[in-house]
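The exercises below ask you to work through aromatic pairs and a chain interface, one step at a time.

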Amino acid sequence: MRQVGWVSVAGGAFILLVCGAFFILSFQYEMGSLSRMRPGLFPAILGAVGFLVGAALIVNGVFKGAGEVPVEGVPLRALVCTLAAIAGFAFLIRSTGLLPAVFVSTGLSALSDPRNNLLTTIGLALAAASLVSVIFVWALGLPLPFIQGVF
Amino acid sequence: MDMILLGMEQAFTLESLYYCFVGVSVGMIVGVLPGIGSLAAMALLLPMTFYVGPMSALVMLAGIYYGSEYGGSVASILLNLPGSPSSAVTAIDGYQMARAGRPGVALFMTTIASFIGGSVGILTIMFLSGVISTIGMAFGSAEYFAVVLFGLVAASTVGNDAPLRGLSMMVIGMLLGCVGLDTNSAVARFTFGNLDLRSGLDMVPLVMGLFGVATVVMSVMSADKVTIKDKITIRSMLPTAEDIRRSIMPILRGSISGSLVGILPGTGTTMASFVAYGTEKRFKQGNPPLGKGAIEGVAAPEAANNAASQTAFVPTLTLGLPGSASMAIVFGALLINGITPGPLLISQRPDLFWGLIVSFWLGNLLLLILNIPMIGIWVRLLQMPYRLLFPIIVTLVCVGTYSVNYNPFDVWMALFFSAVGVLFIVLRFQPAPLLLGFILGPLAEIHFRNTMSISGGNFSGLISSGISTTFLFATVAMILTMIYGLFAAARSPNRHEAEKKPKESLHRDGRSR
């Protein structure tokens, strides 16, 4: 069995699917003609081109994939914690205000590294809160309530 | 000459000076810290630019961009860990010099080389801008389309080990650019009924997630267990006469090649530094030779990357063609402030253009002065554990993204793009062409539509003039070269080696092999 470059194949498949989806979706808008282009035409062209490029990438991976460096390790814990941190911020910022949102986002992303203990995390959260207050609220004068409904 | 005076008027205001200082300082710090680059810093500060006006925004973003070229070499030399990709080459000889007990000299020479390189770059801009803006007057839709397409394809494929990947990112970026209201017909495309998407995807969450968070997350493991041993004193930094003699030509050569490389779209400061290093190899080498701690190996790339960082602004400002992701951010910041970069920029807003050029001078001067005493501080900063810096960066991303529209939807978008960004890194897709496609895609569509409409659906409308024909021809040539390269047997082993060397000379924790 020939050595297949799975990274290229996976990548190509991803591109192919996304561009293919755009291609199909663009048909719900009017296409028009080349001389009178309507909204659907350009995305359709792009989607088709992208589909071909994705296919080419797959083919490239299959036929010239030998010697491809395998996928590098993803720091899963860091990724999950960071995504959770951003999500936490998005949830809280409107309802609870700046400080709780900052605490949550800093705290959750600090969890990425197991060496950060509770004390460090709280310290970081305080540092982040002060930094953000200085830069965004004081220096830039943005109307960001610290705690919603309070101040 | 009066243009320069006009520029000085703009650049010497208190506000411009302040933002220049902020920009270069942030740039320097960011350049020093591994794991976060100037692109991420520009992305993080992009929301700020909405409030400060175009001149200050430009001055600050530019300061970050060329400022980081100064700082990037510090970590390269001291830790064998490049602070920014363009400093990877500096690590080769720089770290050797440090191990031989001469880190101070290496640091000092990079500062000088960077200043000279930057200055040559600025002179190049001043010389070329007049030429380019005259040509720019001849630009109609067909020409714009050809140039935009050329720039996009060039940026995605040239000098790229994986041009197919670059191209696919470009297409995806252009598709993302189609999301939202179509300018021509006011039809909401790809919004799935979502009100927030009707105005299109916002650049800020895209950039923050894709470039900022994704790279920072991936660096969590690597940029950490490093220590610095010696103390650096001012005296230890002074070079000998021999050092100076050996550095003169490399600095000049690096400055010139860097200036030229920087103008082309798709090539950036990293390529400039590689080209300069490669050029030096062709010349008679002294003792120690290149690769073993030669000062040429530090001076040339550093001059080149600074020169390139200045001339990179030329196509962005004068043609409206950003050649890299960082330039795309600058381009975006201008658009947000209601300014359309392009051939008319110099004639319509000479104050902005020349003010920026003069601020480049100022910034470089500031950096020269700041860098020398700051070395000690950098050393201490680099010893701050990444695990402490990281959560602060994430929070800054959140607040920064939210501050643009006060809409949590933007933060959710940043989340989405962070995840996508990590996926791209894993699949070895470069995000830069995506950003370029995102920003330039809508422009390409507009000009394509206009050209087709004028020519009545006839493709010959695209080659209606010398300019458009030339660029389209060049674009086709690039694509054909790429296709040929795909079918050709093996890739050139030399280039692979030169590019792999700096990365593979480091273990993940910074020890050298």
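**Exercise 1: Aromatic pairs**

Task: count the aromatic pairs in the structure, and classify the pair of A:Tyr29 and B:Phe190.

Solution. The structure holds 17 aromatic pairs over all chains, where rings of Phe, Tyr and Trp (its six-membered ring) pair if their centres lie within 6.5 Å, and planes under 30 degrees apart count as stacked, over 60 as edge-to-face and the rest as tilted. The model is predicted, so that local features need pLDDT of at least 70 and side-chain atom pairs count only at pLDDT 80 or more, whereas totals for chains, interfaces and linings use all residues. Residues are numbered from 1 along each chain as its sequence is written, chains are lettered from A and ligands numbered from 1 in the order in which they are written, and side-chain values use heavy atoms, with hydrogens and water left out.

Step 1. Because the ring centres of A:Tyr29 and B:Phe190 are 5.7 Å apart and their planes stand at 80 degrees, the pair is edge-to-face.

Step 2. A:Tyr29 sits in the loop between helix 1 and helix 2 of chain A, and B:Phe190 in the loop between strand 2 (188–189) and helix 9 (203–219) of chain B, so this pair joins two chains; helices (H or I, at least four residues) and strands (E, at least two) are DSSP runs, numbered from the N terminus.

Step 3. With 12% relative accessibility A:Tyr29 counts as buried, and B:Phe190, at 3%, is buried too; the term means under 20% relative accessible area, with exposed over 50% and partly exposed in between (1.4 Å probe, protein chains only).

**Exercise 2: A pair within chain B**

Task: decide how the rings of B:Phe353 and B:Trp354 are arranged.

Solution. Their centres lie 5.3 Å apart and their planes at 90 degrees, so this pair is edge-to-face. B:Phe353 has 2% relative accessibility and counts as buried, as does B:Trp354 at 9%.

**Exercise 3: The interface**

Task: describe the contact of chain A with chain B.

Solution. Step 1. In terms of contact (heavy atoms within 4.5 Å), 70 residues of chain A meet 70 residues of chain B.

Step 1. The two chains bury about 6,100 Å² between them, 79% of it on carbon and sulfur atoms, buried area being the accessible area (1.4 Å probe) that two parts lose on being put together, summed over both.

Step 2. In chain A, the residues that lose the most area to chain B are A:Phe22, A:Phe42 and A:Ile86, together 10% of what that side buries.
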